[in-house]
Amino acid sequence: MQMVKKIFITLFVVWFAFLWLMPKQELYYKLEHELAKSAIKINEKKIEEGFFTLTLREADIYAQGIKLATVEKVSLFTLLFYTHISVEKLLLDDSLKSMAPTSIENTNIIHKVWNPLNISMDAEGGFGTLSGKANLKERALRIDFNASKGIEMLKPKLKQDEKGWYYETSF
Amino acid sequence: MKHLFKPAVFKSILGLLLLLLLVKVAWFVVGVLWLPTSGVEHVAQKGGKALYYRVKLTPNEVAAPTVKATKTAVKKSSGNINSIKLLAIYNASDVTVVTVEHKAKTKVLSRGDAIDGFVLEGAGNNFATFSKASKTYKVLLLKGKATGIEATAKPAPTKAPQKPKVKTAKGEVTDAGDHKVIDRSLLDHYAQNMDDIYKNIGIGEVRNGKDLAGFRITFVRKDSPFAKLDIRRDDVIKSINGQEINSYNAAFGVYKNIKDIDNLTLVIQRGKEEMELEYEIN
């Protein structure tokens with residue numbers, strides 16, 4: 001029993017130390033370098049590290065040199081078995097208003113180790129609310145627009161069923 | 001000698017600290033070997049050449065006085081005012097010049113000149129007035145949905161003018177001789193519906209090593225308005241209104257400002273030849 005206790009304590013300490021001592025900022029820089037290969041760049045004003053979190057503040061997102069959006073806060077929280085990314089106040093560039101809703105208040109993306117092949121997401125904005133699911137095994141993404149308004153510009157890309165409008169793609 | 005700490009507790013704490021140290025060292029090694037110490041920042045292009053805008057030379061917003069000029073010989077004809085399309089206006093206090101399209105030909109008229117029996121009397125900001133057989137006809141500058149013809153009668157006309165024809169909602173591209181005239185509504189439609197652009201025209205990258213050097217037209221659908229713009233497959237777009245199109249950002253800059261542009265000048269490379277294509281947006 002003592003041995004089991006010791007093993008658990010050791011695992012807990014390793015897990016805690018792994019997350020606590022993780023060079024989160026440098027890992028984020030690595031992500032930036034990987035994204036830059038696809039011509040996606042993020043200019044953030046501030047990076048904050050916590051025990052389990054990494055927060056970007058006032059980030060501008062560019063693709064192919066074009067400014068796509070400004071995000072007030074992006075927060076990444078991970079316990080390894082549970083990861084939560086939250087995006088607050090995402091404003092799409094005004095020139096994209098003919099393609100997508102320009103304001104998204106909150107977006108949450110969650111991955112749980114007990115449901116490893118699925119990533120769930122939800123968002124709320126001027127268009128109403130949406131919820132989605134990405135299946136990593138089938139490499140499929142479905143986003144359902146619930147009680148949506150002002151999504152006329154998206155409708156050519158959406159499908160409709162008894163639940164309402166939804167977007168479906170594979171990756 | 002009495003121990004300050006129980007050896008077992010001390011050993012456990014030491015073990016935990018050792019674990020922390022091991023994890024720290026592991027992360028340090030990962031950091032040194034694989035992780036960058038700085039991120040990638042987007043740097044805005046500086047020194048880019050600003051778009052230039054050509055302006056319509058119509059200093060008078062109000063209609064120019066319709067002073068009766070010495071009329072040139074007016075040929076009697078049974079022509080129809082609907083066959084005259086007003087493409088462009090130059091209107092000053094002392095001179096009025098308009099470009100019209102008639103029977104698929106463009107003609108430049110100054111005040112007093114006649115076409116198909118209709119004599120140019122004057123012009124306003126977006127219309128020209130013609131007279132024929134003591135009736136006055138107002139022809140609007142070519143725009144999206146109507147042919148732009150109105151008729152007013154000095155003495156009450158005996159015959160009502162034809163109702164304006166309704167054009168397709170998307171507008172059209174008209175050949176005005178040395179340049180093309182694009183309906184603003186057509187441009188607005190494509191600015192709002194980018195997907196429609198890619199159904200009608202294919203655009204690919206031209207790279208010079210790693211750097212983007214321009215955009216190549218990969219196809220133009222035959223029955224689309226793009227086919228009337230005189231651009232062809234394999235043309236390379238070099239610049240638009242003086243702005244070099246050597247990045248997506250530059251191309252997007254033109255797209256963002258397209259609603260404020262009245263004229264477009266495209267410099268393209270066709271084979272070994274560099275050409276300039278002129279468009280007027282009405």
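Residues are numbered from 1 along each chain as its sequence is written, and chains are lettered from A in the order in which they are written.

Of the 171 residues in chain A, 13% are buried, meaning that 20 or more other C-beta atoms, placed from the backbone, lie within 10 Å of the residue's own.

The two chains meet in a contact that takes 25 residues from chain A and 24 residues from chain B, two residues being in contact if their C-beta atoms, placed from the backbone, lie within 7 Å. On the chain B side, helix 1 (7–34), helix 2 (184–192), helix 3 (194–200) and helix 4 (248–257) each supply at least two residues, and helix 1 of chain B gives the most, with 7 residues.

Confidence is expressed as pLDDT, the predictor's confidence in each residue, from 0 to 100. Chain B has a mean pLDDT of 75, with 74% of its residues reaching 70 or more; among its elements, helix 1 has the highest mean (91) and strand 8 (residues 149–152) the lowest (45). Over residues 144–169 of chain B the pLDDT stays under 50. Where pLDDT is low, the predicted coordinates should not be read in detail.

Terms used:
Predicted model: local features only at pLDDT ≥ 70, side-chain atom pairs only at ≥ 80, totals over all residues. Helix = DSSP H or I, 4+ residues; strand = E, 2+ residues; numbered from the N terminus. Buried ≥ 20, exposed ≤ 12 C-beta atoms within 10 Å, placed from the backbone.
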